[in-house]
Amino acid sequence: MFLEQQTKDVLDLEYRETIERVLEVIATENLRSIEREIKQIWQQYIDINSFVSDLHEIFVDAELYYQLEEEKKSNPLDMIKAEDIQ
């Protein structure tokens with residue numbers, strides 16, 4: 001019983017992280033190249049969990065998470081530190 005709850009908690013955490021990543025890509029990336037696929041998924045699913053899961057797969061395949069991470073790394077504001085400004 002305890003292991004089952006731990007497994008459920010881990011899966012819930014992974015799912016929440018997936019939702020956060022999907023929302024971040026939606027909010028920040030240009031999705032025109034995969035717009036058709038997104039529309040097909042949207043029309044196919046009533047269940048939001050399946051929708052998010054399929055979007056996640058498309059974003060992984062299109063390397064959108066990688067692009068998002070690269071953008072975070074190359075943010076000029078992050079490169080400038082308080083001690084650099086004098």
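Among contacts in the protein between residues at least 6 apart in sequence, 66% join residues at least 24 apart; contact means heavy atoms within 4.5 Å. This is a predicted model, in which local features need pLDDT of at least 70 and side-chain atom pairs count only at pLDDT 80 or more, while totals for chains, interfaces and linings use all residues. Residues are numbered from 1 along each chain as its sequence is written, and side-chain values use heavy atoms, with hydrogens and water left out.

The protein has five helices and zero strands, and its pattern along the sequence reads α-α-α-α-α. Helices (H or I, at least four residues) and strands (E, at least two) are DSSP runs, numbered from the N terminus. Of the 86 residues in the protein, 20% are buried. Buried means under 20% relative accessible area, exposed means over 50%, and partly exposed lies in between (1.4 Å probe, protein chains only). The accessible surface of the protein comes to about 7,200 Å², and carbon and sulfur atoms account for 54% of that surface. Accessible areas come from the Shrake-Rupley method with a 1.4 Å probe; for residues, only the protein chains shown count as cover.

Charged side chains come next. Side chains of opposite charge can pair when their charged atoms come close. A salt bridge is a side-chain nitrogen of Lys or Arg within 4 Å of a carboxyl oxygen of Asp or Glu. A search of the whole structure finds two salt bridges. In one, Glu35 pairs with Arg32, with the closest N and O atoms 3.4 Å apart. Arg32 counts as exposed because its relative accessibility is 64%, whereas Glu35 is partly exposed, with a relative accessible area of 30%. Glu35 also forms a salt bridge with Lys39, where the closest N and O atoms are 3.4 Å apart. Both Glu35 and Lys39 lie in helix H2 (residues 35-44), four residues apart, which is about one turn of the helix. Lys39 has a relative accessible area of 49%, so this residue is partly exposed. Shared partners join the salt bridges of Arg32, Glu35 and Lys39 into one network.

Asp54 is buried yet has no salt bridge, and the nearest side chain of opposite charge, Arg21, is 15 Å away. Lys and Arg count as positive and Asp and Glu as negative; His and the chain ends are not counted. Apart from neighbours within four places in sequence, Asp54 is in contact with Ile41 and Tyr45.

Helix H3 spans residues 48-61 and includes Asp61. Asp61 counts as exposed because its relative accessibility is 67%. On the surface, Asp61 gathers with Glu37, Glu57 and Glu63 in a patch of negative charge. Patches are made of residues with over 30% relative accessible area and no salt bridge: like charges are joined within 9 Å, and nonpolar side chains (Val, Leu, Ile, Met, Phe, Trp, Tyr) within 5 Å. The place of a charge is taken as NZ of Lys, CZ of Arg, CG of Asp or CD of Glu.

Glu63 sits in the loop between H3 and helix H4 (64-73). Glu63 is not a glycine, although its phi is positive, at about 55 degrees. Ala62 is found in the loop between H3 and H4, and its relative accessibility of 30% is why Ala62 counts as partly exposed. Not counting residues up to four places away in sequence, Ala62 touches Ile34 and Gln67. Ala62 and Ser33 are 29 residues apart in sequence, and their C-alpha atoms are 9.0 Å apart in space.
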